[in-house]
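The following report concerns the structure shown below.

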There are 2 protein chains.
Amino acid sequence: MQLTRYTDYALRTLIQTALMPDGERLSVTTITATYNISRSHVMKIVQRLGQLSYLRNVRGKGGGIELGMPPDMINIGQVVRDMEANLQVIDCNSPGCKLQPACRLRGILAEAMGAFIGVLDRYTLADLLDNRHELIRLLALDEPA
Amino acid sequence: MQLTRYTDYALRTLIQTALMPDGERLSVTTITATYNISRSHVMKIVQRLGQLSYLRNVRGKGGGIELGMPPDMINIGQVVRDMEANLQVIDCNSPGCKLQPACRLRGILAEAMGAFIGVLDRYTLADLLDNRHELIRLLALDEPA
């Protein structure tokens, strides 16, 4: 019962982008090095977060990744909905389950997933940054990648 | 963001076992045929549900699988806790995430998972059987496997 790594690293990328000093932008290379994941995976995540306007990719000298909107406008529940391909807790269709037309389990699991997302809906990226100085120290963002 | 198939089929097995007519018991062969999954997977699930006392395996003529306790004693949240190896929503340790000592995301995701399980804790197997006649018809449990 885990979020995909795609969603997980999307959230981490948003945190890391938000922690950049004023006027500085994050590079894919730095994200890759920080989390020890493949460059192609990071590229896909950054591209998707850009399509969703959570990130903006600024080209040229001094370019890089920056947030596309203020941290308190980035809702964690919405990011999870946007990044997870599937929020069905079980797969009733492959192979197709005979119980489906009368199944009570599906409704209960959907209610539980609603409660899960409902908690995340109460938080924004800003809530993940309230100890930003400690996070910046841990990421050593002031050191060269 | 899905439960494992192991947990999913454990829940389906409990439902199917509870739907057997009085005095009749379920066979692994019937479960395998109903859900179109491998016999070895069903065996592992049935064995684990037996260890947890949710099921009892009666040997000999007329033997088979029956519930080990009344349906209203089998809590869905507890079954999910028992069957899922991991209720950590993301894996912070492989590779180890530098943010861990100060990460707020972990706490928020744990709160969300608590809400998910909290919903399931309000239901028992009995709640999944309130339309038992329709479920029995769908499973065609009165037909030979």
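In the largest nonpolar core, which holds 74 residues, the members that touch the most others are A:Leu14, A:Val79, B:Leu14 and B:Val79. Apart from neighbours within four places in sequence, the contacts of A:Val79 are A:Ala10, A:Leu11, A:Leu14, A:Tyr54 and A:Ile74. In soluble globular proteins, nonpolar side chains tend to be buried together.

The model is predicted, and the predictor assigns the complex an ipTM of 0.91 and a pTM of 0.91. Chain A has a mean pLDDT of 92, with 97% of its residues at 70 or more. The elements of chain A with the lowest and the highest mean pLDDT are tabulated here.

| Element of chain A | Residues | Mean pLDDT |
|---|---|---|
| helix α6 | 132-139 | 90 (lowest) |
| helix α4 | 76-83 | 97 (highest) |

Between the chains, 43 residues of chain B are in contact with 43 residues of chain A. On the side of chain B that touches chain A, two or more residues each come from α1 (5-18), α2 (28-35), α5 (105-120) and α6 (132-139) of chain B. The largest share, 10 residues, is supplied by α5(B). By residue class, this side of chain B comprises 27 nonpolar, six polar and 10 charged residues.

Technical notes:
Residues numbered from 1 in each chain as written. Chains lettered and ligands numbered in written order. Predicted model: local features only at pLDDT ≥ 70, side-chain atom pairs only at ≥ 80, totals over all residues. pLDDT = per-residue confidence, 0-100. Helix = DSSP H or I, 4+ residues; strand = E, 2+ residues; numbered from the N terminus. Contact = placed C-beta atoms within 7 Å. Nonpolar A, V, L, I, M, F, W, Y, C, P; charged D, E, K, R; others polar. Core = buried A, V, L, I, M, F, W, Y, C linked by C-beta atoms within 7 Å. Buried ≥ 20, exposed ≤ 12 C-beta atoms within 10 Å, placed from the backbone.
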